[in-house]
Each structure stands twice: as structure tokens, then as C-alpha cells.
Amino acid sequence: AAAPEDMSPEVWAKVKDHPCYSEEAHHYFARMHVAVAPACNIQCNYCNRKYDCANESRPGVVSERLTPEQGARKVLAVAASVPQLSVLGIAGPGDALYDWKKTKATFDAVVKDLPDIKLCISTNGLALPDHVDEIVAMNIDHVTITINMIDPEIGAKIYPWIFFQHKRYEGVEAARILHERQMLGLDMLVARGVLVKVNSVLIPGINDEHLIEVNREVKKRGAFLHNVMPLISDAAHGTHFGLTGQRGPTPEELKKVQDACEGGAKLMRHCRQCRADAVGMLGEDRGQEFTLDKLPETIA
Ligand code: SF4
Ligand code: SF4
């Protein structure tokens, strides 16, 4: 099909078979994640580290951790039985760029056998500027950055600390560094033609109004899509907000913020928060069919 009016042919070529970047494609193409990147360089108040990163996954759910070699084996097994598979994403369970060695080793192993698979990354953005050259060199055309604020005062309520250049930072200073790195990384990717999706976690009472400003800013800087997703509060599994419990938004609250962002960066509305080891079409999870114990030892 020809590119829609609002897209150049180059951009269309990148989105037409990526289920997360095209509403159309999500009916026909599948993506999978491999949970090969457990380490993270920041602390989000909504994460307790035992479970998957909320950047791109449902927090409070444990994915089976794989080594790069196991991850690559899994991708080949899935590709052999899911013909719609077009995208391999690494979205945690920690940060795909902070745990870069494992992310890169997995991608390198996979593309040897599947040179046409699209590679995709989700990150909190702190380590992003350091990896842009490699991202471009590896033909990674899609990067998702989780951006929950552009105001460090608000950021300080979301991120208690970050670990940056061998040092731990806290409070507003930590949030300011994270913010600057996110904006720099976004600008660098846009300048190199990498499509950027921004994910924002809607946290009632913390960043609900503010996400409209986030939307405006990321649009201005050239983000391709903005995905406002609800905080999934899971107190039973330790998803706390600081010390006090934090609820997630109601469907009405979520829709209100999404509607208010309309007209800014294009909103993704078909997102199904998927696990760091999700397999299949969006909204479908066939991960349990491909757990480690079910994979062949070697792939011919
Ligand atoms: Fe957890 Fe992801 Fe935040 Fe890291 S970036 S603390 S893994 S939610
Ligand atoms: Fe890429 Fe995110 Fe979609 Fe996974 S969920 S394939 S990381 S855009």
C-alpha cells in the first residue's frame, strides 16, 4: 500500500509492518520480547525491581530471564512457528540500554539467522545518548523512551534516584539529569532518522495535568508517537509509590488526558501493555508456549 498522506515513503517503510507504530499493522504483524536485560540505572517509584520494567511492560509480572544465547534461541523458535513475526523488541525487565552488552549480544546473534527482523528497544533514556551511534549502525529503527515528566520538580516525585557516570544522584538533581538525557537522546535519534515513540505512565495526582506539556514538548522535538498508559497499581506485589500507596487512573481519567493530548504528538491508542517476554500479536500472549524448557537445544 502507498504511504498515508501524513507520512513520507521512508517513514512508511519503517512503520508499515511494526504493530506498535501502526494501528493498521497491529492486525497483521506480531512482535516478541526477550527478557535478557535485567539491570537498571534508575529507580522509578512504581517499580520494585523484582518484576518487569514498566517502560513497556506490565509491572508486577515476572518474566523468565534469559541469557543472550537463550534469548536468540527463543527468537528463532518463535520465528519458525509464528509467521507474522516482524519485530523483536528488548524491553527489560530492566533497561535495554543500561544492560547494553546483553541487548547487543542478543540482537547480533538473531540477525545472523533473521536478517530482516526489525529490532526495537525500550529505555528510560538515561543511557541513550551514549548508544545512538550503535543503534544507528545496527539498523535499529525504533526506540521507545519512557518520559513521565519534563519538569524535574515533578520528576523528583517519580524517581527517588538515578545512577549516572558511576555516581548516585537523588531528588530534583537526579530528575534534572534524567530529563536532560531524555531530551538529548530524543533529539539525537530524530536527527538520525530513528523513529521514536514516547511512553508516559499516567500517575494520578502526580503527572496527569503535566502530561499535556510532555506531549507538546516531545512533539516539538519530533517524536513519532506518544503513548499515555495507565499506572498499574499492584500493592500486593509491592508496586508502591514512595511509602504511600498510589492508585492507577480510572479509564475515564486516562481518556481525559489522552483526549487533551490530541492535536499534539500523535497518540497511540492500541497499546496493550505487554510483558517483557510477550510473544504474538498485540493483545495476545503466547509467551508460555515458548518457555526455555520447551525450546529445542539447537536450531538447525
Ligand atoms: Fe523499574 Fe523500568 Fe523504572 Fe528501571 S526504568 S526502575 S526497571 S520501571
Ligand atoms: Fe518495540 Fe515497545 Fe512494541 Fe516492544 S512493545 S516491540 S519494545 S515498541
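Predicted model: local features only at pLDDT ≥ 70, side-chain atom pairs only at ≥ 80, totals over all residues.
Around ligand 2 there are 13 residues, the closest being Cys20, Arg31, Gly89, Cys120 and Ser122, where a residue counts as near a molecule if its C-beta atom, placed from the backbone, lies within 6 Å of it. The elements that each give two or more residues to this shell are β1 (30-33), β3 (85-90), β4 (118-123) and β5 (142-146), strands being DSSP runs of E with at least two residues and helices runs of H or I with at least four, both numbered from the N terminus.

Residues are numbered from 1 along each chain as its sequence is written, and chains are lettered from A and ligands numbered from 1 in the order in which they are written.

Turning to ligand 1, its surroundings include Cys40, Cys44, Cys47 and Cys53, together with Asp95 and Asn124.

Now to helix α6 (residues 171-191): at 1.5 Å a residue its 21 residues should span 30 Å, and the end C-alpha atoms, at 31 Å apart, agree with that, the expected span being 1.5 Å times one less than the number of residues. Among the buried residues of α6 are Ala174, Ile177, Leu178, Arg181 and Leu189; buried means that 20 or more other C-beta atoms lie within 10 Å of the residue's own, with C-beta atoms placed from the backbone. Just after α6, glycine 193 takes a positive phi of about 80°.

Terms used. Buried ≥ 20, exposed ≤ 12 C-beta atoms within 10 Å, placed from the backbone.
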